[in-house]
Amino acid sequence: MINFGLNIASLLGILLALIGILIIPLGLSLRRPFRVGDVIQDIVFAVIYLLSGIIFFFQGWRLDPVLQFGQLLLTISSIYLLIKDILRHSSISRG
């Protein structure tokens, strides 16, 4: 039996899985000039985010509230750095 509790960890799991799915198309469409290193970085982070999101969604209800808060802080900082990296190398920031 699978337990789908709606808590911070399962919401983080959904968010991380969505980011894992969307990171490669966003990175490819926003970054200019095209660099292979950035694509490899996007693929690695997409796999990590997707796996972490699936694990949090299905197993997040087992986490302590303190661990859930720690995962929330790590997820927020990771997403911030990801967005900062994509926008720094994008054609949008160059005007």
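Predicted model: local features only at pLDDT ≥ 70, side-chain atom pairs only at ≥ 80, totals over all residues.
Visitor: Which residues are they?
Guide: The lining is formed by L18, I19, L22, I23, L26, L30, I79, L82, I83, I86 and L87.

Visitor: And which elements give two or more residues to that lining?
Guide: Those elements are α1, covering 8–30, and α3. The most comes from α1, which supplies six residues.

Visitor: What volume does the pocket have?
Guide: The volume of the largest pocket is about 160 Å³.

Visitor: Let us take I79 from that list. Where does it lie?
Guide: I79 belongs to helix α3, which spans residues 65–88.

Visitor: Is I79 buried or exposed?
Guide: I79 counts as buried because its relative accessible area is 15%, and the cut-off for buried is under 20%.

Visitor: What does I79 touch, leaving out residues up to four places away in sequence?
Guide: On that basis, I79 touches L15, I19 and Y49. I19 is also one of the residues that line the largest pocket.

Visitor: How far apart are I79 and Y49?
Guide: They are separated by 30 residues in sequence, and their C-alpha atoms are 9.9 Å apart in space.

Visitor: Moving on to D85. Which helix holds it, and is it buried or exposed?
Guide: D85 also lies in helix α3. D85 is buried, since its relative accessible area is 14%.

Visitor: Which residues is D85 in contact with, neighbours within four places aside?
Guide: D85 is in contact with R31 and Q41. The side chains of D85 and Q41 are joined by a polar contact of 2.9 Å.

Visitor: Now the whole chain. How many helices and strands are there?
Guide: The chain has three helices and zero strands, giving the pattern α-α-α along the sequence.

Visitor: What share of the chain is buried?
Guide: Of the 95 residues in the chain, 29% are buried.

Visitor: Of the contacts between residues at least 6 apart in sequence, what share join residues at least 24 apart?
Guide: That share is 78%.

Visitor: Last topic: what is the average pLDDT of the chain?
Guide: The average is 82, and 89% of the residues score at least 70.

Visitor: Which elements have the lowest and the highest mean pLDDT?
Guide: The lowest mean belongs to α3, at 85, and the highest to helix α2, residues 36–59, at 87.

Technical notes:
Residues numbered from 1 in each chain as written. Heavy atoms only, no water. Helix = DSSP H or I, 4+ residues; strand = E, 2+ residues; numbered from the N terminus. Buried < 20%, exposed > 50% of the residue type's maximum accessible area, 1.4 Å probe, protein only. Contact = heavy atoms within 4.5 Å. pLDDT = per-residue confidence, 0-100. Polar contact = N/O pair within 3.5 Å; in protein donor to acceptor, adjacent residues only side chain to side chain. 1 Å grid on protein atoms, 1.4 Å probe; cavity = no way out; pocket = protein on both sides within 12 Å on 5 of 7 lines; lining within 4 Å. Points joined across faces, edges and corners; volume = space filled by probe spheres on them.
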